[in-house]
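Read the following account with the model open beside it. The text goes from the chain as a whole to one helix and then to single residues.

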Amino acid sequence: MNYQEKVQKYFKESLIKFTDSELATIEYADFGLGNIEKQGLNLIIYVNNERYCAKEMALLPRQTCPEHRHPKRGEIEGKQETFRCRKGKVYLYVEGAQNKKILSAQIPKGEEENYTVFHEIELKPGEQYTIEPNIKHWFQAGEEGAIISEFSSTSDDASDIFTNPNIKRVN
């Protein structure tokens, strides 16, 4: 089974009902790193307009969305987002004091310098957390993968700032 088939299967097994059109338009983001199974994100975007955004994100087992922040864009505040775990377990890391001696997530090998925030929030199905604008964060699925609903202000990938300068995020 190829990567896209794995992701589609994971979405289908989530018990969330998706249309054929939504499954056909999954966005597979590898961030220009060429290692999507380790550092990547898979998205179904329901709506993204000048007022708000709603999407589902699938992470395969131990897949990581790299550290980034959503800064102010001119007069527009940076993106505020609420993550709600629907399936699996998500380890979310935000700015703040490290609150665990040993992290639950595994930083991708050779990427240690690109992960700088370690305040851990563990999200299980039905739990959620809101990330304020311009806060550095990254997240990783647990051993079984994860489905996360994101509700946010407008998503503008081109203005996201990643800690890793090699990341390219283009829609």
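Among contacts in the protein chain between residues at least 6 apart in sequence, those joining residues at least 24 apart make up 75%; a contact here means heavy atoms within 4.5 Å. The model is predicted: local features need pLDDT of at least 70, side-chain atom pairs count only at pLDDT 80 or more, and totals for chains, interfaces and linings use all residues. Residues are numbered from 1 along each chain as its sequence is written, and side-chain values use heavy atoms, with hydrogens and water left out.

The protein chain has 2 helices and 9 strands, and along the sequence they follow the pattern α-α-β-β-β-β-β-β-β-β-β. The radius of gyration is 15 Å, close to the 16 Å from the globule rule for 171 residues, so the protein chain is as compact as a globular protein of that length. Helices (H or I, at least four residues) and strands (E, at least two) are DSSP runs, numbered from the N terminus. The radius of gyration is taken over C-alpha atoms, and the globule rule is 2.2 Å times the number of residues to the power 0.38. Along the principal axes, the C-alpha atoms fill a box of roughly 40 × 40 × 30 Å.

Of the 171 residues, 47% count as buried. Buried means under 20% relative accessible area, exposed means over 50%, and partly exposed is in between (1.4 Å probe, protein chains only). The accessible surface of the protein chain comes to about 8900 Å², and carbon and sulfur atoms account for 49% of this surface. Accessible areas come from the Shrake-Rupley method with a 1.4 Å probe; for residues, only the protein chains shown count as cover.

Helix H1 spans residues 3–12, and its residues Tyr-3, Val-7, Tyr-10 and Phe-11 are buried. They cover an arc of only 100° around the axis, which puts them on the same side of H1. The arc is that of the directions from the helix axis to the C-beta atoms. As a general point, an α-helix has 3.6 residues a turn, so residues three or four places apart point the same way. The cover over the buried residues of H1 includes helix H2 (20–24) and the strands E1 (27–29), E2 (41–48), E3 (53–59), E5 (81–94) and E8 (137–152).

Lys-55 lies in strand E3, one of the elements that cover the buried residues of H1. At 7% relative accessibility, Lys-55 counts as buried. Not counting residues up to four places away in sequence, Lys-55 touches Leu-43, Ile-44, Ile-45, Tyr-46, Lys-79, Ile-148, Ser-149, Glu-150 and Ser-155. The C-alpha atoms of Lys-55 and Phe-139, 84 residues apart along the chain, are separated by 16 Å.

The loop between E1 and E2 holds Phe-31 and Gly-34. Phe-31 is buried, with a relative accessible area of 3%, whereas Gly-34 is exposed at 64%. Phi of Phe-31 is near 60°, a positive value in a residue other than glycine. From Gly-34 to Glu-112, 78 residues apart along the chain, the C-alpha separation is 17 Å.

Asn-134 also has a positive phi in a residue other than glycine, near 65°. Asn-134 is found in the loop between strand E7 (128–131) and E8, where it is partly exposed, with a relative accessible area of 35%. Leaving aside neighbours within four places in sequence, Asn-134 is in contact with Arg-69, His-70, Pro-71 and Glu-95. The C-alpha atoms of Asn-134 and Pro-71 are separated by 4.5 Å, although these residues are 63 apart along the chain.

Where is Ile-76 placed? Ile-76 lies in the loop between strand E4 (64–69) and E5. Ile-76 counts as partly exposed, at 48% relative accessibility. Between Ile-76 and Thr-154, 78 residues apart along the chain, the C-alpha atoms are separated by 9.8 Å.
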